[in-house]
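Student: I am new to this structure and would like to learn how to read its features one at a time. Could we begin with the general idea each time and then turn to the case in hand?

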Amino acid sequence: MAKPPRLLIRTFARYTERTAFERPLTSGVAYAVRVLHSEREQFEKQQGWTIKRMDTLEQNPVHKDDYNPDLLEPSPIQEEYAPVIFAQDIVSHVVSLDMLSGQEDSKNVLCARKSGKGVLTAPFRLLKTNRLGVILTFAVYKRDLPLNATPTERIQATDGYLGGVFDIESLVEKLLQQLASKQTILVNVLDTTNQSYPISMYGSNASNDGLEHVSLLNFGDPFRKHEMRCRFKQKPPWPWLGITTSIGILVIALLVGHIFHATVNRLAKVEDDCHKMMELKKQAEAADVAKSQFLATVSHEIRTPMNGVLGMLHMLMDTDLDVTQLDYVRTAQASGKALVALINEVLDQAKIKSGKLELEEVQFDLRAILDDVLSLFSGKSQDKGVEVVQLAVYISDQVPQMLIGDPGRFRQIIINLMGNSIKFTEKGHILVTVHLVEEVIDSIEVETESSSENTLSGFPVADRRQSWKGFRTFSQEGSINPFSHSISLIVSVEDTGEGIPLEAQSRVFTPFMQVDPSISRTHGGTGIGLSISKCLVNLMKGEIGFVSIPKIGSTFTFTAVFTSGSSSSKKYKSQQINKMSNSVSSEFYGMRALVMDPRPVRAKVSKYQIRRLGIHVEVVSQWKQGLSSIRRGSNAINMVIIEQEVWDKYLNNSTLFFDTLEKIDYGTPPKVFLLSNSISSSGANISTGVCNMTVIPKPWRASMLAAALQRTMGVGNKGNPCNGQLPSLSLRNLLLGRKILIVDDNNVNLKVAAGALKKYGADVVSATRGIEAIELLTPPHQFDACFMDIQMPEMDGFEATRRIRDMEHNINNRIHHGELSVEAYNNVSNWHVSILAMTADVIQATHEECLRCGMDGYVSKPFEAEQLYREVSRFFQ
Amino acid sequence: MDLAALKTQLKNFVQSMFEEGVLDNQFSQIQALQDSTNPNFVEEVITLFCNDAERIINEINRNLGYQNVDFSNLDSYVHQLKGSSSSIGANRLKLACANLRQASDERNKEGCLQAVQLITCEYCLLRRKFQALLHRGVLLSLRPTKNE
């Protein structure tokens, strides 16, 4: 083979240079020729240089600037060589290097000529540039070889080797510039022919964490494997929106959870508290009941020794005492009595609280009870001082005569309210009015009369309509009268007292609460009364309320439900009351009276009392009008009743009035009565001038009026002289003509009692033994009442009464069943004689004992007129 | 002696009895019960009382004479006498009865005897006074008829 001419070398270099753009990935191309050792000498001569070895270079890589091919050692003697003869300019430094002397290159060359295909070297440092590169080597054969040529044949036919140098770094960079911005993607190219020690061919040696895309690279060499690993240069950015959204949702969820939790907690807490409250409430209620029971027990236990104390005090008073001692004892006794009264009230309260108090169901006369209460207070109202407090009662006509209910408790309420009024009223009046609830409802809008002038005494009052404002009865009108026989009453007690301070009004009904502590010192009392009244009113299915204006007055109003007495009276034991009032009214029935009174309310009260006697009433406001009415004379007027106010203003010391009366020429002239506010003043002032005028002291009571009428008009028996004492006078009215049995084993007592009763006009029969009394009181008999001593030998008063009641009950039953004829029993079908105990023992316990065995009341021995009157008036009116 | 003087004397005499404590207010009540319809009431009551009291005092003495005193029986007598005294207003006699009652309750025979002594004393005093009173009263009641 001839030495290639210079031109050829130049031509190769120029050609490859020019066509370099066609091989953008190769950095240089070179051609090495196969030279056998036998041909070396000739070849070296021909070329003008020796074949150099390159393995030393490989072992001691030099900097490219220092590279000098002349310094390289000549290749050692080998079987064959593959020196580079042609090279592109850029790699011209490899000319004359023996490819077979380089480790990688020789492997490559051998492999390439054996396989006849392109073979890649493992990456290695390139000579001179010292950069990482691979060399793709193709074998050039002298002739065309068949595809199935054996490797030996291929070696034989080999002429030379064409090698292309791939500078991997620039290769990949060039590639990536076309792919994408290499700023963002980091590429590593690895030779992974040896799996466990991949050789990095390109790219930084950064740790390969994070996302990586691995793809295989095929450079056309089946023996080598290359991988390209791509990843983002920067770490993937945080997904801020997602993060914030999820954090937001998390926070909201937490908040909602918290709220829910808190709510549940709160609910549980409230529920827990509620349970606790219930528990506490139960405890409090139990404590309240226990307290009531304790009070009841203790009160009862106190009462027993108190009876002893009172008894002994009573006895002590009977001993020889000087004035001071007597005073002390009296004080002690008064205190003792007050204490017993208080204890009774506390017992009442306790009974009501524990629900043990039951109301009676008996027939009673409401009017009689109010008369009774009025008389009880009349004395007190007189004692008040210079100015007189007027007491008055008005009961509407629509209220039935007889009611069924508990008269005692009703009385207690009235007494309580009136008692309070009396305590706090110094002047003016106290007015009790009783209406049916229906009446009041009808008039509730119509009535507009509350001018201060139009009251009983002329003093302004608290508007009573305000006191029932809150009542339920009025708000639900339909349910007023659910049963045909039930009667709802509304009772008002109106006074012109000092009123209740506004700040104290809220606790008026609280037990033991008085306006302020000083009250109890000035007025006495415990402050339990109103609370008991409230309870009693509740028991009567009613309500209580009040209105009070300080310095003007208070009005208490309560409602109570009763049954009409007329309907089924036989079932109830009736208190024999109406006998007297019937007899009284019959005497005056049909008479006519003229009332002169400018004040409508007062006139109304007068009218009510007079009408109870069956007398027709005409009211005139001016006396002149009255006179003309008398003169007209179409209806003969039997009596003229003049209010003291009218008398004092117009008629006193004037003869005109009486002259006019005298002149009336028909019949008997009317009798003239003066209604005076108090007994004391009346006697002094009026009786002076005129003789034929009778003074009727207030407060009004039908019985007193009747008595006065009887006296002056000559109806009935002759009466006492004018100035008779009030109680004895009334007693006389009550007891006149009564047949009364007195039972006492003590002759002296008997005599005295009989004397007392006879004095009041009673027809008295005496008995000394219980047995005798039973015989006398066996129906039919004529007795109206019986006074019975309790302590008697053989048979005491209780036993006798019990037997009499049994007997009466027996006979009543037999009459009802028709076994006995009513005619044989004086036409009385319901025998019940009033029996009153006579006792020196005035203490409550005995009183209860009396009632228990069927007695109707008791009087203390020796007889005392006022007390006798009070008891007797309950039965004979 | 004229009527007014007699009346005053009678009044004074009763007043002195009140002051001595022999009688109390109850007696004036009894006096008040005497009127035209019942002119001899006071005398009747006094007579009745005296008869009763003497009988009872005798009974009490008899009872206390027994070896074994029946105190309950004694009690009932004392109760009667006390009731009578109370009714007529014989204050001191009533107190004496209370003494006896107490002694009887204590089953104290000695005390009872002492109390009976006191009762007898008081009763005698009272009877003397009543007699004087009645005497004057009779004079008083007779006087108007004589005048007529």
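This is a predicted model: local features need pLDDT of at least 70, side-chain atom pairs count only at pLDDT 80 or more; totals for chains, interfaces and linings use all residues.

Student: In what order do the strands of the open sheet in chain A lie?

Tutor: In general, strands of a sheet pair through backbone hydrogen bonds, either parallel or antiparallel. Here the open sheet has five strands in the order 26-25-27-28-29 (chain A), with parallel pairing. Its edge strands are strand 26 (763–767) and strand 29 of chain A, each of which pairs on one side only. The twist averages 25 degrees from one strand to the next, where axes are lines fitted to C-alpha atoms, for helices over the stretch in contact, and angles run from 0 to 180 degrees between N-to-C directions.

Student: How many bridges join strand 28 to strand 29 of chain A, and which way do the residues of strand 29 point?

Tutor: Strand 28 (residues 834–839) of chain A runs parallel to strand 29 of chain A and is joined to it by four bridges, with M838(A) having V859(A) as its bridge partner. Within strand 29 (residues 857–860) of chain A, G857(A) and V859(A) point one way, whereas Y858(A) and S860(A) point the other way, and all are buried, a word that means under 20% relative accessible area, with exposed meaning over 50% and partly exposed in between (1.4 Å probe, protein chains only).

Student: Is D789(A) buried or exposed, and what does UniProt list for it?

Tutor: D789(A) lies in strand 27 of chain A and is buried, because its relative accessible area is 3%. UniProt, in an unreviewed entry, lists D789(A) for "modified residue: 4-aspartylphosphate"; such positions are given in the numbering used here, feature names are shortened, and annotations may be inferred rather than shown by experiment. Helix 26 (residues 797–816) of chain A lies across strand 27 (785–789) and strand 28 of chain A, running at about 150 degrees to strand 27 of chain A.

Student: How many residues of chain A are in contact with chain B?

Tutor: Contact means heavy atoms within 4.5 Å, and on that basis 17 residues of chain A are in contact with 23 residues of chain B. The count of salt bridges between the two chains is one, a salt bridge being a side-chain nitrogen of Lys or Arg within 4 Å of a carboxyl oxygen of Asp or Glu. K751(A) forms a salt bridge with E44(B), and the closest N and O atoms are 2.4 Å apart.

Terms used
Residues are numbered from 1 along each chain as its sequence is written. Chains are lettered from A and ligands numbered from 1 in the order in which they are written. Side-chain values use heavy atoms; hydrogens and water are left out. Helices (H or I, at least four residues) and strands (E, at least two) are DSSP runs, numbered from the N terminus. Two strands pair if DSSP finds at least two bridges between them.
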